[in-house]
Amino acid sequence: MLNAAQQQLRQSLERLRETIATLAPAPPGEIGFEPALRSLLADFKRAEPAITLEVDQEQPLAIPHFLEPTVFHIIQEALNNVRKHAQASRVRVSIRQQKKALVVSIEDNGRGFLPEQREHALQPQLGLYFMRERVQRAGGRLTIQSAPQQGTRIEASFSLDLATSPLTPREREILQLLSSGASSRAIAQQLSLSVDGVNAHIQGLMRKLKARNRIQAVANALRLHWLE
């Protein structure tokens, strides 16, 4: 009995270390979200060739910059769970915009479990606990659907309403004027700003919207419902 308890403790500590590691600064901040995601999915395919991985990713993908680390780690942790616990032959990762929400889901056809029982077990709960914490800190909602022999579906949804955007009031004003085709000089005159000041705001907008130019910035803002 003592050996069994020690083994369970070692497994719990190993799981805790792995989970804490996922809370480190996200790879998307270093190489960009999409390259990091492609690398994560490719690593999973190489490590688990017997599991069919399907990816449903809306293109072009417009994820708010502040949500990228959360989305990445949700997918990372869910795939870790599939690899270690699910005994699945198929897993599907989906990232899509539905109305005014970003919805990320990971679904497998594995052995499943009873979610309410996991709430009372230390080792299996840690990954789900930290996943839920991440989603809630980002203002989202996490749901877990599973049952024995019926697979598991993990879904995280995040509101993309204008009120949740990271844009400042001034950036929203400038974005609105950009959408009407106004030049930097025209925006500067209307808002009593310098042209250099307007251009600095526009550069900040393009970074937040992951846009290469003004047209793409407006298009991404419309997709994210950050533009009225």
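User: Before we start, what are the ground rules for the numbers here?
Analyst: This is a predicted model, so local features need pLDDT of at least 70, side-chain atom pairs count only at pLDDT 80 or more, and totals for chains, interfaces and linings use all residues. Residues are numbered from 1 along each chain as its sequence is written, and side-chain values use heavy atoms, with hydrogens and water left out.

User: How many helices and strands does the protein have?
Analyst: Helices (H or I, at least four residues) and strands (E, at least two) are DSSP runs, numbered from the N terminus. Going by that, the protein has five strands and 10 helices.

User: And what percentage of the residues is buried?
Analyst: Buried means under 20% relative accessible area, exposed over 50%, and partly exposed in between (1.4 Å probe, protein chains only). The protein has 228 residues, and the buried share is 43%.

User: What share of the contacts with a separation of 6 or more comes from residues 24 or more positions apart?
Analyst: A contact here is heavy atoms within 4.5 Å. Among contacts with a separation of 6 or more, the share from residues 24 or more positions apart is 66%.

User: Let's look at the strands. In which sense do E1 and E2 pair?
Analyst: Two strands pair if DSSP finds at least two bridges between them. E1 (residues 52–57) and E2 (residues 90–98) have six bridges, with Leu53 partnered by Val91 in E2. The sense of the E1 and E2 pairing is parallel.

User: Which residue takes a positive phi in the hairpin of E2 and E3?
Analyst: That hairpin has two residues between the strands. The one to look at is exposed, with a relative accessible area of 76%, and its phi is near 55 degrees. It's Lys99.

User: How far is Lys99 from His225, C-alpha to C-alpha?
Analyst: Lys99 lies in the loop between E2 and E3, while His225 follows H10 and has a positive phi near 60 degrees. Along the chain, Lys99 and His225 are 126 residues apart. Their C-alpha atoms are separated by 9.1 Å.

User: Where is Gln87, and what is its phi?
Analyst: Gln87 sits in the loop between H4 and E2. With a relative accessible area of 65%, Gln87 is exposed. Gln87 isn't a glycine, yet its phi is positive, about 55 degrees.

User: On to helix H8. Why do its buried residues line one face?
Analyst: The buried residues of H8 (residues 184–191) are Ser184, Ile187, Ala188 and Leu191. They line one face because, seen down the axis of H8, they fall within an arc (taken from the directions from the helix axis to the C-beta atoms) of 100 degrees.

User: Which helices do those buried residues of H8 pack against?
Analyst: On the other side of H8, Arg185, Gln189 and Gln190 are exposed. The buried residues of H8 pack against H7 (169–179), H9 (195–208) and H10 (214–223).

User: How far is Glu173 from Ile187 in space?
Analyst: Glu173 is in helix H7 and counts as partly exposed, at 37% relative accessibility. Glu173 and Ile187 are 14 residues apart in sequence. In space, C-alpha to C-alpha, that pair is 9.2 Å apart.

User: Is Ser192 buried or exposed?
Analyst: Ser192 lies in the loop between H8 and H9, and its phi is positive, near 60 degrees. At 67% relative accessibility, Ser192 is exposed.

User: Last one: how wide is the arc for the buried residues of H10?
Analyst: Those residues are Ala217, Val218, Asn220 and Ala221. H7 and H9 are among what covers them. They line one face of H10, since seen down its axis they fall within an arc of 165 degrees.
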